[in-house]
There are 2 protein chains.
Amino acid sequence: MRMDEAKGEEGMKIGVLGTGMAGATIATKLIALGNEVMLGSRNAGSEKAVKWAQANGANASQGAYAQAARFGEVLFNCTQGTASIEALQSAGADNLKGKILIDVANPLDFSHGTPPTLSICNTDSLGEQIQRKFPEAKVVKTLNTVNCEVMVNPALVPGDHDIFVCGNDAGAKARVAELLKQWFGWRSVIDLGDISAARATEQMMPIWLRLYGALGVLHFNVRVVAEGGRSSQ
Amino acid sequence: MRMDEAKGEEGMKIGVLGTGMAGATIATKLIALGNEVMLGSRNAGSEKAVKWAQANGANASQGAYAQAARFGEVLFNCTQGTASIEALQSAGADNLKGKILIDVANPLDFSHGTPPTLSICNTDSLGEQIQRKFPEAKVVKTLNTVNCEVMVNPALVPGDHDIFVCGNDAGAKARVAELLKQWFGWRSVIDLGDISAARATEQMMPIWLRLYGALGVLHFNVRVVAEGGRSSQ
């Protein structure tokens, strides 16, 4: 039903930057929902991206970051956080201009082993760096606090649980909240404020990693519970 | 009932270091539960501590950090995170030796305005610094992810929600989990592992502060929800 809705009312052109787990999972889900998706990688014709496009039918294509960014009305940054700025520079500021850029990346630095540390944190964030570097993109940070399978299928985790959004453009943020519900079935979206709140969600990586260790499953999330209940958006 | 239990079976001598909101709230609750509590501050006879002791009956006393640390079988670090090491040095390594030191502090740095940043994070934590500095104390980090009124009364937040513990001494950690349940009524305690997991819980301060902004109430917490349910301790 959601698929038909999306096909009928909302079939969009979407550029997904990054061919890792998150990028492939999101791109595949968006295709299943009836959108046209171009998967972008450093160079057009990368083996992973070609394979993905071949497996996903006529609405799926692949190209360099710049091609995918030009193609999409809405863009996803699914590149590795430590390489995101470089990837987006390769995508080109002109191709990001005026567009919603959904940033799901975390600046995880594995160079000192595991658990990874954050390459940016506390007084800055990847979300903010991207917004500063590309002031004409409408950066919305979201989905970075859950595993990529949960991103596109929150029903994998039972009961109520929350996803966070933040960004400087209120309209873009509201639109993304709507898309999270329509595309993926998120039921509760908490608006944390401007893009500097990306510091807060990116710094949830350490607790995510520890909980993964403690729980032994990838499909989990948090529910925010408050005195007097709280109104979900 | 819990009060009687604590009085009958468990009346303990507890040293609470720090006379701020967290220290006073925890100390007052521990008195109400029938324990003997000494509230410690930089200098014996501080106005706040004297006032607290006078208001809390014969089981309440106050003194310098060293006196409170000597007094307690179990200790709470409720000092400001940026001053905790200094306070504990003043308490004296000999007075911490072999004891459970429940560290509820967060290294929040307000010197650059609000929201505060963390003075230690990512590759280290306050919990670890304390454990390194006082290797013979049994540091258990917990309660630092909720407001102090919720620390001692989790029922302020409706339904199920979780508190985290971490530390290097398994026995101390299990004992603290037990005390959290017995004293304060915590029902779900998640063990995140050794003291380095303090990085994860201390780095939840930014999301706590943003959620406080978004929700407008102090009494909230998170519930961890996982595929297939999860077993609470």
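**K173(B) counts as buried, at a relative accessibility of 9%.** Please keep in mind, for this legend and those that follow, that the model is predicted. The side chain of K173(B) forms a salt bridge with that of D191(B), with N and O 3.0 Å apart. Because K173(B) belongs to helix 9 (residues 170–184) of chain B and D191(B) to strand 10 (residues 189–191) of chain B, this pair ties together parts that are 18 residues apart in sequence. Is D191(B) buried or partly exposed? With a relative accessibility of 28%, D191(B) counts as partly exposed.

**D103(A), K141(A) and E202(A) are joined into one network by salt bridges that share partners.** Let us take the two pairs in turn. K141(A) meets D103(A) through their side chains in a salt bridge of 2.7 Å, N to O. Since K141(A) sits in strand 8 (residues 138–142) of chain A and D103(A) in strand 5 (residues 100–103) of chain A, the contact ties together parts that are 38 residues apart in sequence. The side chain of K141(A) also meets that of E202(A), in a salt bridge of 2.6 Å, N to O. Here strand 8 of chain A holds K141(A) and helix 10 (residues 198–202) of chain A holds E202(A), so this pair ties together parts that are 61 residues apart in sequence.

**How buried are K141(A), D103(A) and E202(A)?** K141(A) is buried, with a relative accessible area of 1%. D103(A) is also buried, at 0% relative accessibility, and E202(A) is buried with a relative accessible area of 2%.

**Strand 9 (residues 163–167) of chain A is largely enclosed by the rest of the structure, because five of its five residues are buried.** On one side of the strand point I163(A), V165(A) and G167(A), while F164(A) and C166(A) point the other way; all are buried.

**Strand 9 of chain A pairs with strand 8 of chain A and with strand 10 (residues 189–191) of chain A.** The pairing with strand 8 of chain A is antiparallel and runs over three bridges, with V140(A) standing opposite G167(A). The pairing with strand 10 of chain A is parallel, also over three bridges, and F164(A) stands opposite I190(A) there. Between strand 9 and strand 10 of chain A, the chain crosses through helix 9 (residues 170–184) of chain A, and this β-α-β crossover is right-handed.

Conventions:
Residues numbered from 1 in each chain as written. Chains lettered and ligands numbered in written order. Predicted model: local features only at pLDDT ≥ 70, side-chain atom pairs only at ≥ 80, totals over all residues. Heavy atoms only, no water. Salt bridge = Lys/Arg side-chain N within 4 Å of Asp/Glu carboxyl O. Helix = DSSP H or I, 4+ residues; strand = E, 2+ residues; numbered from the N terminus. Buried < 20%, exposed > 50% of the residue type's maximum accessible area, 1.4 Å probe, protein only. Pairing = 2+ DSSP bridges. Right-handed = clockwise from strand over helix to strand, strands pointing away.
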